[in-house]
Amino acid sequence: FFTDPNWHDHLRITECGCVGRVALMTDGVTSFALSSNSATVAERFIVPVFRYLQDIESVRGSPALYNTLQSEKAKLISDDDKTFVYVQRP
């Protein structure tokens, strides 16, 4: 955890080469974003999110994503904080 005093001892950075999109999320999102084996991101979650966010400006995408993560359905799945960061190369 980044709140641990020695978090930097556990930080790993891996160069990914030519990646066009990246998604980072807190554990509150992983409850419904990961596949049933928790080894990969669930396509039913990430594909619609990527499709939506790739074609709109962040001024519209950010509130839409926030509202989705704060919806009653999302709260039923996980009551933990839900942070999702989406980065796309131009």
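Reader: Where is the place of Lys82?

Author: Lys82 sits in the loop between α4 and β2 (84-88). Keep in mind that this is a predicted model.

Reader: What makes the side chain of Lys82 count as having no salt bridge?

Author: The nearest side chain of opposite charge, Asp79, is 6.9 Å away. A salt bridge needs a side-chain nitrogen of Lys or Arg within 4 Å of a carboxyl oxygen of Asp or Glu. Lys82 is buried, yet has no such bridge.

Reader: Which backbone oxygens does the side chain of Lys82 reach?

Author: One belongs to Ser78: this backbone oxygen lies 2.6 Å from a polar atom of the Lys82 side chain. Another belongs to Asp80, at 3.2 Å. The cut-off for a polar contact is 3.5 Å. Both the 2.6 Å of Ser78 and the 3.2 Å of Asp80 are within that limit.

Reader: How many salt bridges does a search of the whole structure find?

Author: The search finds one. Its partners are Lys75 and Glu72.

Reader: Why is the pair of Lys75 and Glu72 called a salt bridge?

Author: Their side chains meet at 3.9 Å, N to O. The limit is 4 Å, so the pair qualifies.

Reader: How are Lys75 and Glu72 placed in helix α4?

Author: Helix α4 covers residues 72-77. Lys75 and Glu72 are three residues apart there, so about one helical turn separates them.

Reader: Which residues form the negative surface patch?

Author: The patch is formed by Asp27, Asp79, Asp80 and Asp81.

Reader: What order do the elements of the protein chain follow?

Author: From the N terminus on, they run β-α-α-α-α-β. That is four helices and two strands.

Reader: How much of the protein chain is buried?

Author: Of its 90 residues, 22% are buried. The C-alpha trace spans about 35 × 35 × 30 Å along its principal axes.

Note on methods: Residues numbered from 1 in each chain as written. Predicted model: local features only at pLDDT ≥ 70, side-chain atom pairs only at ≥ 80, totals over all residues. Heavy atoms only, no water. Patch = residues over 30% accessible without salt bridge, like charges linked within 9 Å, V, L, I, M, F, W, Y side chains within 5 Å. Areas by Shrake-Rupley, 256 points an atom, 1.4 Å probe, with all protein chains shown as cover. Lys, Arg positive; Asp, Glu negative; His and termini not counted. Charge placed at Lys NZ, Arg CZ, Asp CG, Glu CD. Buried < 20%, exposed > 50% of the residue type's maximum accessible area, 1.4 Å probe, protein only. Polar contact = N/O pair within 3.5 Å; in protein donor to acceptor, adjacent residues only side chain to side chain.
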